Amino acid sequence: MEIDKKTARKIDRELQSLRERIGADRKTLNEVFDKPTLLAFGKLISDRILKFIDFPISTGKEANVFRAVTPDDRIVAVKVYRIATSNFNRMIYYIRGDPRFAPIGRSKREIINQWVKKELKNLERLQEIEVPAPKPIRALQNILVMEYIGDHNYPAPLLKDIEMKDPERICNEIIGYIKKMYIEGDIIHSDLSEYNILFYKNRPYLIDLAQGVVSEHPFAFDFLKRDIENVVKFFRRHGVIYNAREIFRELIA
Ligand SMILES: Nc1ncnc2c1ncn2[C@@H]1O[C@H](COP(=O)(O)OP(=O)(O)OP(=O)(O)O)[C@@H](O)[C@H]1O
Ligand SMILES: [Mg+2]
């Protein structure tokens with residue numbers, strides 16, 4: 001992918017001002033924004049998907065999430081997987097066995113590209129069946145652009161960090177999402193927990209969907225069971241008592 005001088009200068013300026021705004025050290029920024037990633041950002045800017053990156057929302061084990069602004073001044077979320085710190089064996093484990101993806105090569109970039117495409121496809125499917133989650137906007141290499149969930153001041157909090165007035169209602173809603181995803185969407189989140197659910201406008205939103213698999217995946221039932229167990233365990237601490245095994249059995253019956 002080629003990038004013109006003007007865009008390159010623009011990105012340089014962006015990065016410099018990002019550094020100043022967030023005070024991030026050069027090493028961190030260089031780790032996220034390596035050359036191919038910068039080129040991809042250049043393309044997103046010239047395709048008018050993004051105007052600039054606002055500030056970081058989160059630094060995870062494998063990805064950084066930023067708030068960004070589009071040319072028409074809407075706020076979006078941008079998730080950037082870092083090549084340097086991604087766990088490729090784990091990614092392969094979830095990609096292989098998913099019939100939506102052809103067997104993939106072993107290059108790290110190729111695996112990450114598939115991983116990001118998988119997150120995009122899973123988010124699309126959630127949109128189709130109307131399970132609340134960020135609307136995906138564009139996947140390009142190691143970058144996923146999606147709807148931002150939150151208000152102008154703050155991104156929506158994680159479920160683990162909120163005070164719940166009505167935990168039973170929220171629990172039922174999330175179990176409802178799991179069922180709907182399995183029955184109508186043929187999809188299993190596979191990394192569901194209070195760490196991957198945002199709470200916004202009084203509703204849970206599912207995020208972090210790259211691990212999601214279709215039910216044909218050889219370990220689909222294990223993932224489904226684990227998702228249900230995580231949710232049941234979390235809500236048990238908030239006084240909502242459900243039996244994970246029962247929910248699982250009923251669902252796959
Ligand atoms: N669309 C979004 N809108 C607002 N905030 C978001 C959005 N997506 C992610 N976030 C924030 O960024 C954090 C990290 O996102 P996510 O869970 O997708 O990645 P991650 O856990 O860092 O991924 P990994 O663990 O694989 O590195 C979330 O906990 C949430 O706070
Ligand atoms: Mg996460």
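1. In which loop is D186 found? D186 is in the loop between α6 and β6, where helices (H or I, at least four residues) and strands (E, at least two) are DSSP runs, numbered from the N terminus. Its phi is near 55°, a positive value in a residue other than glycine. At 28% relative accessibility, D186 counts as partly exposed, given that buried means under 20% relative accessible area, exposed over 50%, and partly exposed in between (1.4 Å probe, protein chains only).

2. This is a predicted model, in which local features need pLDDT of at least 70 and side-chain atom pairs count only at pLDDT 80 or more, while totals for chains, interfaces and linings use all residues. Residues are numbered from 1 along each chain as its sequence is written, chains are lettered from A and ligands numbered from 1 in the order in which they are written, and side-chain values use heavy atoms, with hydrogens and water left out.

3. Another residue to look at for its phi is E130, which has a positive value of about 60° although it is not a glycine. E130 sits in the loop between α5 (108-128) and β4 (136-140), and is exposed, with a relative accessible area of 64%.

4. Helix α8 (residues 244-252) has A244, I247, F248 and L251 buried. These residues cover an arc of only 100° around the axis, which puts them on the same side of α8; the arc is that of the directions from the helix axis to the C-beta atoms. In general, an α-helix has 3.6 residues a turn, so residues three or four places apart point the same way. The buried residues of α8 pack against α6 (167-183) and α7 (220-236), contact meaning heavy atoms within 4.5 Å. The face turned away from that buried side carries the exposed residues R245, E246, R249 and E250.

5. At the start of α8, a side-chain oxygen of N243 comes to within 3.0 Å of the backbone nitrogen of R245. A polar contact is a pair of N or O atoms within 3.5 Å; within protein, one must be able to donate a hydrogen and the other to accept it, and residues adjacent in sequence count only if both atoms are side-chain atoms.

6. Two buried loop residues deserve attention. N196, in the loop between β6 (187-188) and β7 (197-200), is buried at a relative accessible area of 7%, and a polar atom of its side chain lies 3.0 Å from the backbone oxygen of D191. E62, in the loop between β1 and β2 (63-69), is buried at 11%, and its side chain reaches the backbone nitrogen of N87 at 2.6 Å.

7. The largest cavity holds about 90 Å³ of space. On a 1 Å grid over the protein atoms alone, a cavity is a set of points where a 1.4 Å probe fits but cannot get out, and lining residues have an atom within 4 Å of a point; grid points are joined across faces, edges and corners, and a volume is the space filled by probe spheres set on the points. The largest share of this lining, 4 residues, comes from α1. The lining residues divide into 9 nonpolar, no polar and 1 charged, where Ala, Val, Leu, Ile, Met, Phe, Trp, Tyr, Cys and Pro count as nonpolar, Asp, Glu, Lys and Arg as charged, and the others, Gly among them, as polar.

Methods: On a 1 Å grid over the protein atoms alone, a cavity is a set of points where a 1.4 Å probe fits but cannot get out, and a pocket is an open set with protein on both sides within 12 Å along at least five of seven lines; lining residues have an atom within 4 Å of a point.
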